[in-house]
Amino acid sequence: MKRAVKLAASLLVTLVFLWWAFRDTDWGTQLTSLKSANYIWLLPYFGCLLGIHVFRTLRWGSLLSGLERVPFRKLNEASAIGFMMLLVLPFRLGEFARPFLIAQRSSIRRSAAMTSVVLERIVDGLFVAASMRVLLFFVPTETPEVRYVKLGSWLMFAVFGGGLLFLLFGLWQQERTVRLVRATVGRFAPGLADKVADIVDTFVGAMRQLPDAKQVVIFFLCTVGYWGLNGFGMMLLANAFDCSGVAAGTACQPMELSLFQAYVVLCVLVVGLMIPAAPGMVGTFQAACKVGLSLFLPATVVNAGGLAYANVLWMAQTAQTVGLGLILMSLGHMSFKDIAGKLEKEGEAAAPSA
């Protein structure tokens, strides 16, 4: 019943955001944009997506190096399949995928691998929030959309900054942090407090095995490369919708993005994808792209070529993530059903202490 309620809620969120994103759509012009788009630009964009995958795989390896130097082949396999699971499985079960898969391919414990995933999320959240705050200083107009985006950046700072401060405090005062959890959460749910305290204790213990300074530098360089290539690829793909291939007399709303604008749209997209939705991020993805594009483009362009661009962007990212994951799963002679079943058991075991 709980799973059914969660699934219904996530589908409702998706439907609401899909309605909002497409409520003012000029379907005829959008269809024209899709038909006339120069899809040759997908080739360099898929190259960017592969580069993005390599960057995030290498930086995860650098973060895990304090525990064990995992060969790239095993690391790549766990990373590709893990991100595919994160995209397609409901109830955030995919969060457990990478730790589960890397534990099968190394001596790294799942709890320690999960710590690395949490640290990745915190660093990404703070990096995107800080980038957004800087970029928004150069957005000339103070529209309602800009105000909402600024609010989103502050929320990201609060969520991920609070998580970082908590982990740093735990790293400094591990026993005191565990006692604090027991003293606060324990007042309302003693059993839950014990489980939360055990998780905190395990996470902080794993943080004490952080990599050396060289690997930390590699981690941050890969983070910059990862996000930098993301924005650059979004700018490249926008060139497909400049209406250059449209026949004379055909209605088409051309759109283009500068590198600066692409990075702003990327930051807005990341904030939007924090909203829980159905598997695949459909709905929230298109709505967040629309908000980002609205900061620079007129509504007539956003509701036609802009949403066509958002749909192709979503499709390309989904195809690359799922396709690469399935290829490596097939080469490794693994079963999607088997992995998903084990992840579901992981999620059920972790649910009481989530």
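Student: In which helix does Asp-124 lie?

Tutor: Asp-124 lies in helix α6, which spans residues 110-136. A helix here is a DSSP run of H or I with at least four residues, a strand is a run of E with at least two, and both are numbered from the N terminus. The model is predicted, so local features need pLDDT of at least 70 and side-chain atom pairs count only at pLDDT 80 or more, while totals for chains, interfaces and linings use all residues. Residues are numbered from 1 along each chain as its sequence is written, and side-chain values use heavy atoms, with hydrogens and water left out.

Student: Why is Asp-124 called buried?

Tutor: Buried means under 20% relative accessible area, exposed means over 50%, and partly exposed lies in between, with a 1.4 Å probe and protein chains only. Asp-124 has 11%, so it is buried.

Student: Which residues does Asp-124 touch?

Tutor: Leaving out residues up to four places away in sequence, Asp-124 touches Arg-59, Thr-223, Tyr-226 and Trp-227. Contact means heavy atoms within 4.5 Å.

Student: What makes Phe-22 and Trp-27 a stacked pair?

Tutor: Rings of Phe, Tyr and Trp (its six-membered ring) pair if their centres lie within 6.5 Å; planes under 30 degrees apart are stacked, over 60 edge-to-face, and the rest tilted. There are six aromatic pairs by this rule. The centres of the Phe-22 and Trp-27 rings are 5.7 Å apart and the planes are at 15°, so this pair is stacked.

Student: Are Phe-22 and Trp-27 buried or exposed?

Tutor: Phe-22 has 15% relative accessibility and counts as buried. Trp-27 has 55% and counts as exposed.

Student: Why is the pair of Phe-241 and Tyr-309 called edge-to-face?

Tutor: The ring centres of Phe-241 and Tyr-309 are 6.1 Å apart and the planes are at 85°, so the pair is edge-to-face. The pair links distant parts of the chain, with Phe-241 in the loop between α10 and α11 and Tyr-309 in helix α13, 68 residues apart. Both Phe-241 and Tyr-309 are buried.

Student: Which members of the largest nonpolar core touch the most other members?

Tutor: A nonpolar core is a set of buried Ala, Val, Leu, Ile, Met, Phe, Trp, Tyr and Cys residues joined through side-chain atoms within 4.5 Å. The largest has 56 residues, and Phe-241, Met-255, Leu-293, Tyr-309 and Leu-313 touch the most other members. Apart from it lies another core, of 25 residues, among them Ala-78, Met-84, Ile-102 and Ile-108.

Student: How many cavities of 30 Å³ or more does a search of the whole structure find?

Tutor: The search finds two. On a 1 Å grid over the protein atoms alone, a cavity is a set of points where a 1.4 Å probe fits but cannot get out, and a pocket is an open set with protein on both sides within 12 Å along at least five of seven lines; lining residues have an atom within 4 Å of a point. Grid points are joined across faces, edges and corners, and a volume is the space filled by probe spheres set on the points. The second largest cavity holds about 50 Å³. Its lining residues include Gly-82, Phe-83, Val-117 and Arg-121, and α4 gives the most, three residues.

Student: What is the volume of the second largest pocket?

Tutor: The volume is about 630 Å³. Of its 29 lining residues, Trp-20, Tyr-148, Val-268, Ala-287 and Val-291 are the closest to the centre. Helix α7 supplies the largest share of this lining, eight residues.
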